Structures are given as structure tokens and as C-alpha cells.
Amino acid sequence: MASLTPSMRQFSTCLRCVRQVPSANGAQQRLLSSSAAAREEVRAQPTASSTPPPPPQSASDASAASVQEVPEFMQKWGKLDPETVENKKQERRLLRREGVQPVGSRRRRAALRMSAVRKTEEIPFEQLPYQCFQEARKFLQEDRQEKLKEIKTQQQRIQATAESNASVQSKRDRIARMKMHLNDLIIAADINDPVVKRKFEDGQGDMNKPIYRHLAEKKWREFKRKVLEQRVTQLSVVPDLLGSLDLVADIDLSFGRKTVAPGDFVESDISEKMPTLHVQTFTPGEKLVTVAVVDADVPVPQEDGFTTRCHFIASNIRISPSETSIPLQRIAEDDRKSTDDKKVALPWVAPWAHKGAPYHRLAVVVLEQDQAKKFDVSKLSTIERDGFNLRSFVGSQKLKPLTATLFRTKWDESMAGVLERAGLKDQASIEFKRKRVEPLPYKRRTERMR
Amino acid sequence: MLLPRILAPVRASVQIPSTFILPASRVIDALRTANGASAHAPTLSFVRHSAHQAQGRANGAKDGPGKRLGAKKSGGEYVIPGNIIFRQRGTHWFPGENCKFGRDHCIFATESGYVRYYKDPLKHPKRQYIGVALEKDHQLPYPRNAPRARRLGFVAVPVTQTEAEAQVVVNDLQVGEGPGSDSSIMDTPRPAKAVAKAKKGYAFREANWAIGRAAEKANVQVKKFVPGDRWTAWRKSNARIQANIERKKLRNAGKKTAKPKKRQQRA
């Protein structure tokens with residue numbers, strides 16, 4: 001027991017008082033919350049239940065790539081298992097070295113680790129010997145069966161409506177309504193399932209299934225979307241670049257490994273390379289999207305106003321609920337190699353700002369292409385960058401804005417170098433200074449004014 | 001003259017058949033009814049009004065000095081940033097486009113343009129706003145989903161100097177090589193108009209805050225004071241003592257030093 005970390009020791013004592021099953025009784029000690037995970041593992045690899053399941057595909061790729069150049073100090077951290085890391089330090093190290101999020105709650109990971117230490121027998125979820133628990137499960141099962149039956153009848157109803165000889169208009173409306181109800185039923189059938197809940201919380205939910213999409217969207221709308229919406233409106237992306245925008249997909253923006261919160265200032269040498277987007281859609285099916293990066297604050301000193309500039313357009317990018325990543329850097333590289341299947345219409349121009357000028361907002365907009373039709377990229381590449389009008393672009397290409405985010409740029413130390421590399425060296429020698437507003441002419445106080 | 005009229009109802013009541021004698025209490029009742037019935041019966045009431053006000057007013061003075069509230073700029077008038085458009089107590093008006101609230105809810109312009117008084121039901125159904133339209137022909141409120149009308153307010157000029165230069169590090173406030181040299185504080189350019197009249201007296205002098213900023217403007221950096229650095233302290237105090245000695249010598253240069261008096265030899 002001395003080898004255990006303090007948090008675990010507490011947990012074990014706690015468990016002991018909950019369950020007074022002495023090991024002398026013949027039955028081995030079991031843990032309350034370890035079994036849920038156990039079932040999954042038992043199915044996957046019946047021999048070694050304590051070893052972790054393979055991490056998700058992308059994560060394993062990342063870790064495999066980074067294995068070669070893991071620094072020495074990181075190797076000293078030892079083995080870090082996403083299933084058993086249990087304090088903040090270890091979690092941070094895991095994220096830093098392996099790039100993997102820990103699984104489940106800290107409490108559960110502690111329990112898992114305990115069971116591994118004690119070599120307890122893992123009981124499948126269904127066979128847990130708690131009467132109340134099993135009764136509750138039975139109840140939920142019954143409810144699920146009921147819902148499944150309803151789904152079947154609803155499907156039959158839809159079929160019957162489709163075959164009936166009502167008018168096309170009324171048929172379409174009724175079927176749409178019935179399908180909405182069907183979707184609700186499908187969600188309701190699974191929403192009380194503890195396994196579903198656990199998998200979702202572990203981030204292992206299959207986004208091709210409606211229930212996980214539903215849960216993810218609910219979670220997204222609870223906080224993240226609100227923040228994004230606030231940034232997009234308060235930083236005036238919405239009236240300046242687009243008339244209106246209903247955010248329907250989650251978006252994450254990152255330059256290299258550095259994630260950028262919506263509206264953050266990004267240093268110019270970092271934004272010289274293209275960002276990576278993660279766009280999580282919550283509606284089924286694949287979509288073709290166009291990504292546009294537009295600067296909304298290009299100063300025009302002659303007119304004493306602002307104009308826009310397009311920094312990047314890429315089209316025909318495939319996304320789906322399970323394929324969320326849009327690595328623009330890689331897309332551009334692939335584009336350069338291949339002759340057919342072009343994606344990049346306007347190549348990346350590093351965001352830049354004049355010295356002393358007010359900050360530039362660079363909006364990253366993800367636009368869904370109409371009916372997933374492919375664009376002819378060569379036609380798009382004739383678009384004028386300066387004075388780019390996103391509204392008319394969206395209108396003429398029949399695009400539908402899915403989501404948007406933004407970052408900001410202003411003059412910094414590395415900007416001069418960025419401008420030189422972009423071939424805009426003459427712009428680095430221009431500085432912006434506040435224009436003096438002429439005061440109103442002084443009015444003499446006359447007798448009438450007194 | 002007065003008395004008979006008052007007594008008239010009494011007489012009337014008394015004139016009821018003399019044979020019928022009322023008890024004394026009933027008589028008074030009868031008197032009362034007779035008196036009360038007549039509306040015209042005047043009553044004698046003596047109120048003495050005060051000739052002088054005895055105490056202060058209950059609810060305070062009603063008519064203090066005016067606070068000069070209200071519109072300072074009318075609709076359509078040209079304003080520049082900082083101009084106060086409306087003074088008010090509370091928020092009768094709210095700041096709209098290119099305007100802000102002041103400390104006392106006064107509304108001032110943040111852009112130069114033309115004043116507009118308007119309502120914006122999409123923003124708030126009841127509030128009335130004061131805004132500044134950037135162009136004379138603009139109407140407020142601007143349409144909701146149109147790009148904002150904004151002004152750059154900057155001019156592009158060639159870059160004059162970088163921050164790297166002109167960093168004078170001053171050692172113990174001994175500036176530069178001396179007066180007239182490049183690094184001297186006196187040589188740094190100053191705005192000519194900074195001279196303002198002081199509040200009292202006739203002398204023109206710079207404001208105190210401007211004097212306090214002099215070193216900052218000249219980019220002077222003083223060596224940091226390190227508490228407990230005895231070596232520097234000793235050096236400085238020594239230098240001061242030496243300077244004082246020098247000064248004393250200079251001061252006394254013209255004077256004859258008093259010779260010590262000769263001791264008179266006692267005979």
C-alpha cells in the first residue's frame with residue numbers, strides 16, 4: 001500500500017468501508033466502478049485486461065511520429081497510460097508527450113489502476129451483483145425496447161405515407177415531420193444507456209451514430225458555441241463580412257500545435273504558415289466545403305476607410321462528422337504535387353499589418369458547397385484578392401456558411417521579416433499615425449449667448 | 001345685528017305650543033336640528049395665520065440654480081471627437097453610433113460627423129439614442145446586416161526611426177557628455193507650444209505634469225536604485241562632498257580669509 005499515491009490510498013479505504021466483503025470469504029475483492037471499462041476490454045482482448053486499448057487512430061499516428069524525437073527529460077517520465085494517469089501532473093505530461101487526452105474521470109482512472117494493482121477479477125457490466133443497479137438497468141432496457149418498437153411503427157408509417165395518393169406537397173410536409181419525430185425517437189432510445197454515456201465522456205463515441213452526434217452537439221451548444229458566437233458578433237465579423245451567420249459546426253483553429261481561441265492575436269511569424277482547422281459537423285453525411293480566409297481591416301488611407309483582402313481560398317475539401325481535420329498546410333502541399341483534383345484556388349498569403357495601424361481581423365469561414373458539387377478551382381483562382389466581397393462570393397457560388405472563426409494580427413517585431421519574405425518590403429517602411437481632427441473654430445462669446 | 005338672526009331658529013322652536021313643555025335635554029336637540037338644517041348658517045371660527053415662517057421648508061428648496069442640462073448640439077450639427085452632445089441626469093438618451101457615455105451620463109462624440117437623434121427598435125424597443133453619422137447624408141440607425149461604416153483615422157507616413165536608437169542610459173543623472181552634445185537632455189526637441197500659463201501670478205511656465213514627463217520624452221533612463229548598495233552610495237556622497245568643497249572654495253575665492261588673530265603676548 002505504501003507504493004500507492006495518496007489519492008489512491010484514500011480511494012481504497014473508501015471502497016473498503018463501502019464494501020465489507022472480506023477476501024477471506026473466498027470471493028475476491030472487486031471494485032465498484034472498474035467494471036464498466038472492463039467489459040469493453042474483455043471483449044477486445046480477453047487475455048490482457050489491464051493493458052490499455054489502442055488509442056484512436058490519429059493519436060497513435062501522432063505518437064508514432066513523435067517517438068523518434070522524444071527528448072530525454074520526457075523519457076524520464078516513464079510509462080504514461082491514458083487509462084491510468086491519475087494526477088494533474090501526469091495528465092499534463094501525457095498530453096505533452098503523447099498528445100493523448102486521458103480517458104474518463106480521474107476517479108475512474110484511479111479505480112482502474114487499483115484493480116490492475118490488486119489483479120482483481122473484472123466482472124462484465126451486466127453481471128454486477130447490485131440489485132438496485134440491475135433493476136434500474138432492466139427498467140432502462142424495457143424503455144429502450146419500447147422506443148425500438150415505436151421506431152419500427154414510425155418507419156412503417158412513413159412508408160405508408162410515401163405510398164399514399166395524397167398531394168405531393170402535403171406528403172412532403174408530413175414525411176418531413178414524421179422523420180423529425182423518428183430522429184427524436186432514435187435519440188431517445190439510446191440516451192439513457194450508461195455505456196453510451198461513458199463512451200461519449202471518454203471521447204470514444206462514434207460520430208457516425210446519431211446519439212453521439214446529438215450528445216456532442218448538446219455539449220458544444222452549451223458553452224463553446226456561445227463563446228464563438230459572441231466573438232464573431234462582438235468583433236463584427238457578422239455585419240462586416242457576412243450578413244448573418246448561424247453557426248452549425250464546431251471549429252478549432254490551430255497554427256502548428258498552438259491552438260488559437262477565437263479572436264486571439266497571433267504573432268505574424270506563426271501565422272506565416274497555414275493553420276489547421278478541425279470542423280466537427282453534427283449532421284450526417286459527407287460534405288464538400290470551401291474554406292476562405294479574409295482580412296476585414298485593410299486600411300485605405302486615401303479614402304480614410306477600410307477594405308477587405310482575401311488571403312486564402314480552398315475548395316472541394318471533404319468533411320464528415322468523423323473526418324473533422326482540415327490541415328491546410330498538407331492540402332496545399334498535396335495540391336502542389338498533383339495535377340488533377342486541385343483544391344487551392346488562392347494560395348496562402350501571410351497575414352500582415354502596417355506599423356501603427358489598427359489590428360486586422362482575419363476571419364476563417366467554412367462554407368458548404370451546394371449539393372456537394374465540385375468546383376472548378378481554376379475559375380475561382382481568378383478572383384481578385386483586394387476588395388474581396390465574401391457576401392457576393394457566397395451568393396454567386398451558392399455556398400452556405402457552416403461556421404466561422406477568427407484571429408487577429410497587428411504589427412510586431414517579426415512582421416518586417418514576414419513582409420520581406422512575402423515580397424512586400426516597401427510596406428514595412430510605411431507607418432500609420434493618428435490623423436489630427438481639426439477642432440471646431442473658436443466661437444466668440446457674444447452678448448446674445450450670455 | 002348678528003344676534004337676532006342667529007337666534008331666529010331658536011325663537012321658532014320655542015314658539016311651539018307653550019302648553020307643551022319639553023324636557024330640557026330635548027330642547028337642546030331641537031336647537032341643534034334647527035341650526036344644522038340651515039345651510040346658510042354662518043359659523044364663527046377664528047383662525048390666526050402666521051405672519052412669519054417659523055421653520056424651514058419640509059421638502060427642501062424647490063428652485064435651486066439651473067444645472068445647464070440638455071442638448072449641447074442639435075441634430076445635424078457637426079461635431080468632433082470629445083464634443084459633448086447632451087447633458088442629462090440619468091439616461092434619457094443612450095449613446096448610439098460613434099458616441100459614448102461620459103462619467104455623468106453625458107453623451108459625447110467619438111468620431112467627427114453629424115449628430116443624429118434616433119430610435120433603434122431592433123437594438124432596444126424603448127430607448128432613444130444619440131449618434132454621430134459619419135457623412136452628412138447618412139441616416140441612423142445603419143441597417144443591421146450591412147457592413148459597418150467606419151473611418152480609418154490614420155495617415156500613412158514613412159517610418160521615421162526605430163525604437164533601437166535614442167536610448168540614452170544616464171549614469172547617476174549625469175546626462176551625456178555635457179551641454180550641447182548629442183545625448184544631452186537639453187538637445188532633445190520639445191514642442192514649442194507646451195508653455196502654458198500657471199494658475200497664479202504672471203509667469204508663464206510649463207505645467208507640472210509636463211515637467212514630470214520631460215525625462216520620459218527625452219528617453220532618459222536612470223540607473224536603478226538598489227537598496228543596500230553601499231558602494232554606490234558612498235561614491236555618490238563622496239562626490240557630493242567634494243563638489244561642496246569646490247563650491248565653497250569658489251564662493252570664498254574673492255574674499256580674504258580671516259587671519260587668525262595674533263595672540264597678544266603678555267608683557
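How many bridges join strand 1 of chain A to strand 3 of chain A, and do the two run parallel or antiparallel?

Guide: Six bridges join strand 1 of chain A to strand 3 of chain A, and the two strands run antiparallel. The model is a predicted one. One pair can be picked out by name: A:Ala249 has A:Thr281 of strand 3 of chain A as its bridge partner.

These two strands belong to an open sheet of four strands in chain A, with the order 2-1-3-6 and antiparallel pairing. At the edges stand strand 2 (258-260) and strand 6 (325-327) of chain A; each has a single partner strand, so one side of each has no neighbour in the sheet. From one strand to the next the twist averages 25°. Helix 12 of chain A, residues 328-337, lies across strand 3 and strand 6 of chain A. Its direction makes an angle of about 60° with strand 6 of chain A.

The next topic is the nonpolar core. The largest one has 44 residues. Those with the most contacts inside this core are A:Val291, A:Ala292, A:Val294, A:Ala363, A:Val364, A:Val365 and A:Val366. Strand 1 (249-255) and strand 3 (276-281) of chain A each supply at least two residues of the core. Leaving aside residues up to four places away in sequence, A:Val294 touches A:Leu241, A:Thr308, A:Cys310, A:His311, A:Ala363, A:Val365, A:Phe388 and A:Leu390. Another core, of 15 residues, lies apart from the largest one, and B:Val79, B:Tyr114, B:Ile130 and B:Leu140 are among its members.

Elsewhere in chain A is helix 6, with 13 residues. From first C-alpha to last, helix 6 reaches 18 Å, close to the 18 Å expected at 1.5 Å a residue. Buried residues in helix 6 of chain A are A:Arg108, A:Arg109, A:Ala110, A:Ala111, A:Leu112, A:Arg113, A:Met114 and A:Ser115. After helix 6 of chain A comes A:Lys119, with a positive phi near 55°, although A:Lys119 is not a glycine. A:Lys119 is in the loop between helix 6 (106-118) and helix 7 (131-163) of chain A. A:Lys119 counts as exposed because its C-beta neighbours inside 10 Å number 10, and the cut-off for exposed is 12 or fewer.

Chain B comes next. Its secondary structure comes to five helices and 13 strands. Chain B has 267 residues, of which 10% count as buried. Among contacts in chain B between residues at least 6 apart in sequence, 45% join residues at least 24 apart.

Chain B has an open sheet of four strands too, in the order 2-7-8-4, with mixed pairing. Its edge strands, each pairing on one side only, are strand 2 (78-79) and strand 4 (94-95) of chain B. Strand 4 of chain B is joined by two bridges to strand 8 of chain B, residues 128-133, and this pair runs parallel. There, B:Phe94 stands opposite B:Tyr129 of strand 8 of chain B.

The loop between strand 8 and strand 9 of chain B holds B:Pro141. The peptide bond that joins B:Leu140 and B:Pro141 is cis, with omega about -5°. B:Leu140 is also one of the residues of the 15-residue core. A further loop of chain B, between helix 4 (214-217) and strand 13 (220-222), contains B:Asn219. B:Asn219 is not a glycine, yet its phi is positive, about 60°. With 16 other C-beta atoms within 10 Å, B:Asn219 is partly exposed.

Last is the place where the chains meet. In chain B, 17 residues are in contact with 23 residues of chain A. On the side of chain B that touches chain A, eleven residues are nonpolar, three are polar and three are charged. Strand pairing also crosses between the chains: five bridges join strand 10 of chain A, residues 430-434, to strand 9 of chain B, residues 154-158, and these strands run antiparallel. One pair of bridge partners there is A:Arg434 and B:Phe154.

Terms used: Residues are numbered from 1 along each chain as its sequence is written. Chains are lettered from A and ligands numbered from 1 in the order in which they are written. This is a predicted model: local features need pLDDT of at least 70, side-chain atom pairs count only at pLDDT 80 or more; totals for chains, interfaces and linings use all residues. Two residues are in contact if their C-beta atoms, placed from the backbone, lie within 7 Å. Ala, Val, Leu, Ile, Met, Phe, Trp, Tyr, Cys and Pro count as nonpolar, Asp, Glu, Lys and Arg as charged, and the others, Gly among them, as polar. Two strands pair if DSSP finds at least two bridges between them. A nonpolar core is a set of buried Ala, Val, Leu, Ile, Met, Phe, Trp, Tyr and Cys residues joined through C-beta atoms within 7 Å. A residue is buried if 20 or more other C-beta atoms lie within 10 Å of its own, exposed if 12 or fewer, and partly exposed in between; C-beta atoms are placed from the backbone. The expected span of a helix is 1.5 Å times one less than its number of residues. Axes are lines fitted to C-alpha atoms, for helices over the stretch in contact, and angles run from 0 to 180 degrees between N-to-C directions.
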